[in-house]
Every structure is written in structure tokens, then in C-alpha cells.
Amino acid sequence: MLQVSRDNSLKIPKKIENVDSMPNSIEDKIAVEKAIATAENKRIREKSIAENVENDNELEQIEKLPFNSNDLVVITVVKKLTAYTIAVTEKSPKKFRGVFVNRMQNYCLDTLQSLVEANFVRMDALEKKIIREELQKKAIVNLKLLGYISMVAENTGCILKKQYKQISIQLSEAINLIVAWKKSDDERWKNKK
């Protein structure tokens, strides 16, 4: 910390300490919001300020990733979900890595595998249509299990509430896209007959 002496000259420290926290932390932003609210004679709720101020670095990081434009939209969404889940769970406490982290990552990867396999199955025979439907169902089941494991992980402190919320949003989008894909396949099959 710099100090000014009586003769108005700065006393510069010989050793600068490392600062682990960010200079503009969430606590700093909350303090600024409180000060502004106090100055304007407004009542505030600290929890809502924290949720509004808090940003999701992992989500911002995932949004910057380039994805193949030739993939189905559902595959792209699941790739983003997988990348986000891996980024989020890497920072989880060690005690949860054997239980929640591996499961969450594996459900994401298994879902992606099922969708890619389903995309490569041609629907030129009834047997192949059934195989494709089973792969799509397997992907939905994996996503539902990921949702449950994520909820339990959030309740135990493995992931943050905002991270669980983001996983849930991406999960529901992926499930809706898979269901739409199944309906589209059914329509194509009916028209083909």
C-alpha cells in the first residue's frame, strides 16, 4: 500500500505483494450498487444484486468457440452443453470429482455420441428407423439424467446455482430439438411410404 509522508512524497514499497482476487470483484460491484442505491434513497436486496452482477465466465468462453456449421443444430447445442459442463465441473471441489463431475461429463459425452450415431443412420428401412429412434431416446434419457445429477450437484455445492440454471436451459433446448428431430423423422417416414 502506498503512503504519503509528511513532506508529500510517496513512500513506494520495496516489495509488491501478489493479489489473488480480481481488482473489480463481485463484492466490489455489490458495494458500488449499494452505495448508488443509498445515495438515491432506494431499498436494495443484496441477493438480487449479486445475481445481476455475477457473470458467467464459462458461458462467455463457450460462446466464443467455433462450431461446425454442417452439424445439426441439436448436435451443436449438445456440443456447447458438453463444453460448458466440462468447463464448469473442472472448477468443482475435489471431493465431488469422483461422484458428480465424472457422471455429468460422461452423460454429456454419451448424449453427443448417441446423436452423432443417430445422424449417420439412414432411414431407408424400418429396422434402421427403429435404430435411429432408439439412439434419439437414449440421448434424451442421458440428458434427463444429466439434469437430475446437475440438480443434486447444485444442492451439495459442487456447482453454483447460476451454472445449474444455465445447464438446465441448455438441457431443455437440446431435449426440445431432439423431440422435434424425432417428429421430423416420423413425418418423413410417413411421406416416404
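**View 1. Helix α4 passes helix α7 in a left-handed crossing.** A crossing is left-handed if the near helix is turned anticlockwise from the far one by less than a right angle, and right-handed if clockwise. This is a predicted model, in which local features need pLDDT of at least 70 and side-chain atom pairs count only at pLDDT 80 or more, while totals for chains, interfaces and linings use all residues. Residues are numbered from 1 along each chain as its sequence is written, and side-chain values use heavy atoms, with hydrogens and water left out. The axes of α4 (residues 73-89) and α7 (residues 161-192) come within 9 Å and cross at roughly 160°. That makes α4 roughly antiparallel to α7. Axes are lines fitted to C-alpha atoms, for helices over the stretch in contact, with angles from 0 to 180 degrees between N-to-C directions. Angles under 35 degrees count as roughly parallel, over 145 as roughly antiparallel, 65 to 115 as roughly perpendicular and the rest as oblique.

**View 2. Residues in the contact of α4 with α7.** From α4, the contributors include Val-73, Val-77, Leu-81, Tyr-84 and Val-88. From α7, they include Ile-167, Leu-171, Ala-174, Leu-177 and Trp-181. Contact means heavy atoms within 4.5 Å. By class, the contact has 13 nonpolar, four polar and three charged residues. Ala, Val, Leu, Ile, Met, Phe, Trp, Tyr, Cys and Pro count as nonpolar; Asp, Glu, Lys and Arg as charged; the others, Gly among them, as polar.

**View 3. Helix α6 against helix α7.** Their axes come within 10 Å and cross at roughly 165°. That makes α6 roughly antiparallel to α7. The crossing of α6 past α7 is left-handed. In this contact, 15 residues are nonpolar, three are polar and eleven are charged. Helix α6 has 31 residues. From first C-alpha to last, α6 reaches 45 Å, close to the 45 Å expected at 1.5 Å a residue. The expected span is 1.5 Å times one less than the number of residues. Just after α6, Gly-157 takes a positive phi of about 95°.

**View 4. Helix α5 and its buried residues.** This helix has 24 residues and reaches 33 Å from its first C-alpha to its last, close to the 34 Å expected. Phe-100, Met-104, Tyr-107, Cys-108, Leu-112 and Leu-115 are among its buried residues. Buried means under 20% relative accessible area, exposed over 50%, partly exposed in between (1.4 Å probe, protein chains only). The cover over the buried residues of α5 includes α4, α6 and α7. Ser-114 of α5 is buried, with a relative accessible area of 2%. Leaving aside neighbours within four places in sequence, Ser-114 contacts Leu-135, Lys-138, Ala-139 and Asn-142.

**View 5. Asp-124 in the loop between α5 (97-120) and α6 (126-156).** Asp-124 is partly exposed, with a relative accessible area of 46%. Not counting residues up to four places away in sequence, Asp-124 touches Trp-189 and Lys-192. The C-alpha atoms of Asp-124 and Trp-189 are separated by 8.9 Å, at 65 residues apart along the chain.

**View 6. The protein chain, with seven helices and two strands.** Helices (H or I, at least four residues) and strands (E, at least two) are DSSP runs, numbered from the N terminus. Along the sequence, the pattern is β-β-α-α-α-α-α-α-α. Of the 193 residues, 34% are buried. Among contacts with a separation of 6 or more, 69% join residues 24 or more positions apart.
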